[in-house]
Amino acid sequence: MDDWAWTTVALFAVWAVTAFGIRAAVQRRRTGDAGFRGISGRPGSAAWWAGVLFVLALLGGAAAPAAALAGMPTLPAAGDGKAALRWTGLAVALAGMAATLVAQSGMGASWRVGVDAAERTELVTSGLFAYVRNPVFTAMTVTAAGLALMVPNAVAVLAWLVLVLAVELQVRVVEEPYLARVHGPAYADYTARAGRFVPGVGRRACAAGT
């Protein structure tokens, strides 16, 4: 069990450093701007909660293997197939990490963490974005799911659920309204072609659709 927990710690650290630290450094070198915009909205608003929950989810993801090392048992639902579950989790986490990097690279100069309402970035619709409007968030959720399967305890599951809620809020309350306002008909046309998180799901029939 300790080996799996330490492996999860290592993967989480690599993911965090590459997805945020190294990506921000590359962005600053290319554009002069690291791309961090912080938490949107006034304290207590849905937009604010999206950012806060995202931070809590990341902290929870780091806490899950720490809890396993401290002796927290796996969930009963893991049953006798914990080894297979963990190997599956490793494969899912590695795939999610790779997809995160590909999706982030595809954003080019438009990559941001958070939204500045006064800023206008290019609408990216190529690569993975041709099929999914939010492939970075999809990939991050997949990565977190894989890491949770590697240490299937209550903290891991709760952290993943918080991440899903944070992503839903960030996309629906912050990013989609911003992109619709900035890009207008071009974004409306794009939402009709690409799914929200997975291909074909969450496409909008019109600008006012859901």
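Start by selecting Arg204: its relative accessibility is 17%, so Arg204 counts as buried (buried means under 20% relative accessible area, exposed over 50%, partly exposed in between, with a 1.4 Å probe and protein chains only). This is a predicted model, in which local features need pLDDT of at least 70, side-chain atom pairs count only at pLDDT 80 or more, and totals for chains, interfaces and linings use all residues. Residues are numbered from 1 along each chain as its sequence is written, and side-chain values use heavy atoms, with hydrogens and water left out.

Stay on Arg204. It sits in the segment after helix H6 (185–193). Helices are DSSP runs (H or I, at least four residues), as are strands (E, at least two), numbered from the N terminus.

The side chains of Arg204 and Glu176 make a polar contact at 2.9 Å. The term means a pair of N or O atoms within 3.5 Å; within protein, one must be able to donate a hydrogen and the other to accept it, and residues adjacent in sequence count only if both atoms are side-chain atoms.

Next, select Leu56. Find it in helix H2 (residues 46–69). Leu56 has a relative accessible area of 43%, so it is partly exposed.

Finally, zoom out and colour by secondary structure. The chain has six helices and zero strands. From the N terminus, the order is α-α-α-α-α-α. Along its principal axes, the C-alpha trace spans about 50 × 40 × 35 Å. Of the 210 residues in the chain, 43% are buried.
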